[in-house]
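Some notes on the model follow, as numbered points. Please read them beside the structure.

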Amino acid sequence: MNHTDLTACIAELSALRYTPAGLPALDLMLEHSSQQTEAGHPRQVNLKIRALALGNQAERLSRQAVGSRWRFQGFLATPRQGRSVVLHIQEFQQD
């Protein structure tokens with residue numbers, strides 16, 4: 001199973017673009033900070049992750065403010081010509 005559920009702030013928003021098939025697409029950078037327990041010890045977790053939204057989700061996200069906090073749900077994938085992981089956003093709602 002490949003399912004990600006992440007609360008994060010929108011750190012960067014690219015301009016809304018369109019795929020060759022005509023689908024709206026939006027590239028984002030998300031920023032997360034939390035305290036987690038690992039091996040019984042608290043750990044501060046900070047991360048930035050690239051994200052991609054398509055279709056209606058892309059159009060909705062393009063109207064949101066940088067710095068706003070959301071709960072994102074989707075799956076992780078590696079782009080064809082990349083090495084880093086990208087969160088493909090399938091749903092999001094206000095945190």
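Which side chains meet in a salt bridge of 3.6 Å, N to O?

1. The side chains of E31 and K48 do. E31 lies in strand β3 and K48 in strand β4, so this pair ties together parts that are 17 residues apart in sequence. Strands are DSSP runs of E, at least two residues long, and are numbered from the N terminus. E31 is partly exposed, at 37% relative accessible area, while K48 is exposed, at 55%. (Buried means under 20% relative accessible area, exposed over 50%, and partly exposed in between, with a 1.4 Å probe and protein chains only.)

2. On the basis of the model: this is a predicted one, in which local features need pLDDT of at least 70 and side-chain atom pairs count only at pLDDT 80 or more, while totals for chains, interfaces and linings use all residues. Residues are numbered from 1 along each chain as its sequence is written, and side-chain values use heavy atoms, with hydrogens and water left out.

3. The salt bridge count comes to five, the rule being a side-chain nitrogen of Lys or Arg within 4 Å of a carboxyl oxygen of Asp or Glu. Side chains of opposite charge can pair when their charged atoms come close. Among the five is D95 with R69, at 2.7 Å, N to O. D95 lies in the segment after β6 and R69 in strand β5 (residues 69-77), so the pair ties together parts that are 26 residues apart in sequence. D95 counts as exposed, at 52%, and R69 as partly exposed, at 41%.

4. E38 and R43 also meet through their side chains in a salt bridge, at 2.9 Å, N to O. Both residues are partly exposed: E38 has a relative accessible area of 45% and R43 one of 44%.

5. S34 lies in strand β3 and is buried, with a relative accessible area of 16%. Its side chain is joined to that of H32 by a polar contact of 2.8 Å (a pair of N or O atoms within 3.5 Å; within protein, one must be able to donate a hydrogen and the other to accept it, and residues adjacent in sequence count only if both atoms are side-chain atoms).

6. A backbone point: A39 has a positive phi of about 55 degrees although it is not a glycine. A39 is found in the loop between β3 and β4 and is exposed, at 73%.

Methods
Helices (H or I, at least four residues) and strands (E, at least two) are DSSP runs, numbered from the N terminus.
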